[in-house]
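Hello,

Please find the structure below. My notes on it follow.

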Amino acid sequence: MLLNKKSIELLAPVGKWDTLQAAVNAGADAVYLGGKAFNMRMFRNDFNFDNNTLKKAVKYVHSHDVKVYLTLNNLISEEEIPALTEYLKLLNDDIRPDALIVQDFAVIELIRELGLDLNLHSSIMMNTHNSLMIDKFKQYGISRVVASREMSLNEIRLLKEKSAIELEYFIHGDMCIAEGGQCFHSGVVFGNSSNRGRCMKPCRWQYKFAEEKDIDNNDKMVAKKFSYKLALKDMCMYRALPQLIQSGVYSFKIEGRMRDAEFISQIVGIYRRAIDKYIHDPAGYSINQNDWHNLEIKKVRGYSTCFALGKPTYADIGLSGKHEPRFFSNAIKESAFTTKAVFPQTVNNNIPLLAVRCATLDHVKEACAGKADIIYAGGDVYRPLTPWTIEDIKKARELTQKANCQLVISTPRITKTRELKEMEQLFASLTDINPDGILVHNMGTLALAQTTNLPVRCGVSFSIFNSKAASLLQKEGAVMGTASLELSYAQVNSLLENSPLPIEIIVHGAIEAMICDFDFIAEETGKNQLTAPEAFNKHYAFIDTASEIHSIRRTQYDRNYILFAHDLCLLPYIDKLNNAASFCIEAQDYTPEYTGRLVHIYRRAIDNLTKYNKKDLLKEIEINAPRKIGNGVYRYDSTK
């Protein structure tokens, strides 16, 4: 198809009125901005637009034939649902932006319930990375998706061919090292969620790297020096615009809603001129060296094309930290376990089921011996352990049937083309095995799992924060959902009380703080996994400047999961959370023996909810535990 001025949209960030004017005057085709609530830039009160100014902004940009997209892109807690409802009505009846950029399924559900006429775009936080997700999003009225940051332009091209939907892609600005919506580090450690616009950026801390066996009992790291190993440089696609335009991306998104008018004016102007020049004469296109020079002198962290042209390396990381413009936090000790807060007792005689995520058949044997009710098997496996085979699953089915226990097949957290094809093959093999269900982590895998007619459970990557999101998933056929790891005690209870979908709570385990496609192991060791696979089967860790050790676990799909320094333990609270349908132990990084002990401990506690001995059981948990234990965001709660 021949290119014209309507082939590409240049989308500019806006945080204040003068920035809005600057973006429009510099040639933006569209702008995106946030209101005073429900968006991902919540640290500065002097940024974002109140309702009156939003209305004026929409009128202003429309008068210049420019579109405006409103960021309603954070997760919504249960207590915020009434305010969100009124806000959506106002947007629909009075303000009328061209689209809402959304993350939480609650927005979609409320728009359907209220019968509102609002166009929707998926946020980067929805981590859209396969065509089945897009097919489902289309059913919700989503007309555009922001493709995952980890997708290359080649993957984008294939996604466009399969899905035939408008694709938006970040082309310039600050980028995260973790998969969109899959970083819980700030939310758990600081109580400031990156999924709710308050990220404290632990990815901008200094870390050391070593094999875990080289870390002594004093938490000291051998050999490696501190550097900013997770601090990805800023995205800059200016020199790759031809590849970007030919990839099928429609909307070129500039990051920077907290930047000033002068910066936005210059960046938008430079990309405007380049896009127009290429569209006018693609074969004769060349880079404007003066504009490139101006980009160069304005760069802060340095530039990278991130994942667009292939996997980034340490050349794309600001290892020295000298160009980092601002540090939002310093590394701190993860909170030690505490039960000082007093919680109201839940009046309910329900006895939740006990689920265990198992890494091997030996784990299954131990969990069954401990009288687990549900076994999760499959999905992401930490090397050097190997993926679950069909024969493994058959044996697990035999073990669970003998123990009168359910077997649920787990799927990977991230499912690009390879993973989806493998899951399709796996699901076709499940007919004879007849498991009790499938655990999925995104809408694409959910749609694929439904072809089996087996019960489908929604895992932690759905980040269920409220009852409206749970309701949408129930209508999609899910039989259970998992509460977000970033919900506090009070928020979890609100979800349990209001959700029409049965809810599982992760109560114990080695929890992933970040999911990263960046290959830290290759960069640190200098090894290639094709020629030196043994190097990638070892266990490594990052250590921060607070001497906290963050285990790195590599999956069979070559993703790196960075774990919290402390394992989650909610044992003292389970008697107050018994509105939950199920409690889950994430045992994927434990030995079979330790898994068995945990299952026995939680079994005793669940069977004796009204009077189990918390102190004695906690002491049992701490014996030979692989890490210290903590209680996540629950420590922030009080009796209020």
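A salt bridge here is a side-chain nitrogen of Lys or Arg within 4 Å of a carboxyl oxygen of Asp or Glu. This is a predicted model, in which local features need pLDDT of at least 70 and side-chain atom pairs count only at pLDDT 80 or more, while totals for chains, interfaces and linings use all residues. Residues are numbered from 1 along each chain as its sequence is written, and side-chain values use heavy atoms, with hydrogens and water left out.

The structure holds 50 salt bridges. A network of them links Glu155, Glu179, Lys416, Glu419, Asp517 and Arg559. Helices (H or I, at least four residues) and strands (E, at least two) are DSSP runs, numbered from the N terminus.

Asp517 counts as buried because its relative accessibility is 5%; Lys416 is buried as well, at 9%. Buried means under 20% relative accessible area, exposed over 50%, and partly exposed in between (1.4 Å probe, protein chains only).

Another salt bridge joins Glu168 and Arg144, with the closest N and O atoms 2.9 Å apart. Glu168 lies in strand β7 (residues 166-173) and Arg144 in strand β6 (residues 142-146).

As for strand β14 (residues 406-410), four of its five residues are buried.

Regards
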